[in-house]
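Subject: Structure handover

Hello,

I am passing a structure on to you.

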Amino acid sequence: MKAIFSGIQPSGDLHIGNYIGAIQQWVSLQNQESHRFIFSIVDLHAITVYQDPEILSKRTLEVTAIYLASGIDPKKSIIFVQSDNPDHTYCAWVLNCVTNFGWLTRMTQFKDKSLKQGRANTSAGLFNYPVLMAADILLYDTDLVPVGEDQIQHVELTRDIAKKFNQVYKPIFKVPEALIDKKSARIMSLQNPLSKMSKSEVDPKAKINLTDSDSEIVEKIRKAVTDSGNEIIYDPKAKPAISNLLVIFSKFSGRSISDLQDYYKGKKYSEFKEDLAEVVVENIRPIRERYFELIDNKDYLIDLLKKGAEKAFEISHKKVLEINSAVGLGI
Ligand code: AMP
Ligand code: TRP
């Protein structure tokens, strides 16, 4: 049985980049019955930069509700909160001890984030973040990790850590692979098509959240920047803004990019944007409506997460016992 593992940090409102780059892939994979699916809400990753404690636990439930509202089915997938399973931090410690310091200094996400915050103010947790991610993945004998492009380097590092452990101790870890949909792995900001759409966006117009109202979505697409010229073609170098909108259109409509290019040949940006807004609205609306029903039912969400954590622990703890025996920990 193949195992699929992925996770999202409860560090902000989820947007269509998270949906297209990650969650939408998870949902379509989920129909493969021969696979085991594990999706986590990775709160221990979120606290590598300060999170307001009250907001963090609220967001953990919100991300859970978004998973379910988007179509992650708790009958098919294990859904749990990372901090509910103590094996993750335990395994991360052991993996830290086989991870070369130099590997971590080369992580681009760490370099970017620590530069922004200033090195002196950066937590050691942020530096070790990819090792915790490796623990998440390796504890479940994961084969595939469906993520957006920004996480490829972390999955590569996970492979290096697994291989080194296997070589130094015993070959107990499966070496996983990232699963990426090239075109949609990096949805760009609606206000600056050269920068990734991200949870920490300051300009609300730059991203569409999965809980945005119909009118907010329409307004954000209307105000999205476009490129010079008037052709609607996919060419990320020459036309980064239109290419990004085409990818979003394609992912929400199921129509191919070449089909969309043909259809909009000779048509205006304004007409294209109007149709795009309609498609996004129609797709987000059911997610938003289910989300608001679910978020009102906290007991259900908490119960589901507790059961998910038990199932996750059942799997991960077998691996922890293997780790202990391989390394010679305990007696
Ligand atoms: P994060 O928001 O960093 O917790 O990311 C959660 C998941 O969404 C990861 O798999 C990311 O790679 C993916 N993701 C985040 N932002 C984008 C984006 N702009 N385009 C595509 N995927 C994204
Ligand atoms: N680092 C990932 C992100 O920010 C989240 C994450 C944590 C993750 N552990 C994971 C993703 C394990 C996939 C597998 O997007």
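This is a predicted model: local features need pLDDT of at least 70, side-chain atom pairs count only at pLDDT 80 or more; totals for chains, interfaces and linings use all residues.

**Helix packing**

Start with helix H10, residues 240-253. Two helix contacts involving H10 are described here, one with H1 and one with H12.

Take H1 and H10. Their axes are 11 Å apart, and the packing angle is about 55°. That angle makes the pair oblique. The crossing of H1 and H10 is left-handed. Which residues meet here? From H1 come Ile16, Tyr19, Ile20 and Gln24, and from H10 come Ile248, Lys251 and Phe252. Sorted by class, this contact of H1 with H10 has five nonpolar residues, one polar and one charged.

Now H10 and H12. Helix H12 covers residues 269-295. Here the axes lie 9 Å apart, at an angle of about 40°. H10 is therefore oblique to H12. The crossing of H10 and H12 is left-handed. On the H10 side, the contact uses Ile242, Leu245, Leu246, Ile248, Phe249, Phe252 and Ser253. On the H12 side are Tyr269, Phe272, Lys273, Asp275, Leu276, Val279, Val280, Asn283 and Ile284. Twelve of the residues in the contact of H10 with H12 are nonpolar, two are polar and two are charged. Look at Ile248 and Phe252 in H10: they meet H1, and they also meet H12.

**Buried residues**

Gln9 sits in the loop between strand S1 (2-8) and helix H1 (16-29). Is Gln9 buried or exposed? Its relative accessibility is 14%, under the 20% cut-off, so Gln9 counts as buried. Its side chain makes a polar contact with the side chain of Tyr129, at 2.8 Å. Beyond its neighbours within four places in sequence, Gln9 is in contact with Val42, His45, Ala46, Tyr129 and Lys199.

His88 belongs to helix H4, residues 87-96. The relative accessible area of His88 is 0%, so this residue is buried. What does His88 touch? Leaving out residues up to four places away in sequence, the list is Phe5, Phe80, Gln82, Leu132, Ala135, Asp136, Leu139 and Tyr140.

Val81 is in strand S3, residues 77-81. With a relative accessible area of 6%, Val81 is buried. Lys116 is 35 residues from Val81 along the chain, and their C-alpha atoms are separated by 28 Å.

**Two other places to check**

Asp141 has a positive phi of about 50°, although it is not a glycine. Most residues other than glycine have a negative phi. Asp141 is partly exposed, with a relative accessible area of 32%.

Finally, Lys58. Find it in helix H3, residues 53-70. Is Lys58 buried or exposed? At 52% relative accessible area, over the 50% cut-off, Lys58 is exposed. Lys58 and Asp275 are 217 residues apart along the chain, with 35 Å between their C-alpha atoms. Asp275 is one of the H12 residues that meet H10.

Best wishes

Note on methods
Residues are numbered from 1 along each chain as its sequence is written. Chains are lettered from A and ligands numbered from 1 in the order in which they are written. Side-chain values use heavy atoms; hydrogens and water are left out. Helices (H or I, at least four residues) and strands (E, at least two) are DSSP runs, numbered from the N terminus. Buried means under 20% relative accessible area, exposed over 50%, partly exposed in between (1.4 Å probe, protein chains only). A polar contact is a pair of N or O atoms within 3.5 Å; within protein, one must be able to donate a hydrogen and the other to accept it, and residues adjacent in sequence count only if both atoms are side-chain atoms. Contact means heavy atoms within 4.5 Å. Axes are lines fitted to C-alpha atoms, for helices over the stretch in contact, and angles run from 0 to 180 degrees between N-to-C directions. Angles under 35 degrees count as roughly parallel, over 145 as roughly antiparallel, 65 to 115 as roughly perpendicular and the rest as oblique. A crossing is left-handed if the near helix is turned anticlockwise from the far one by less than a right angle, and right-handed if clockwise. Ala, Val, Leu, Ile, Met, Phe, Trp, Tyr, Cys and Pro count as nonpolar, Asp, Glu, Lys and Arg as charged, and the others, Gly among them, as polar.
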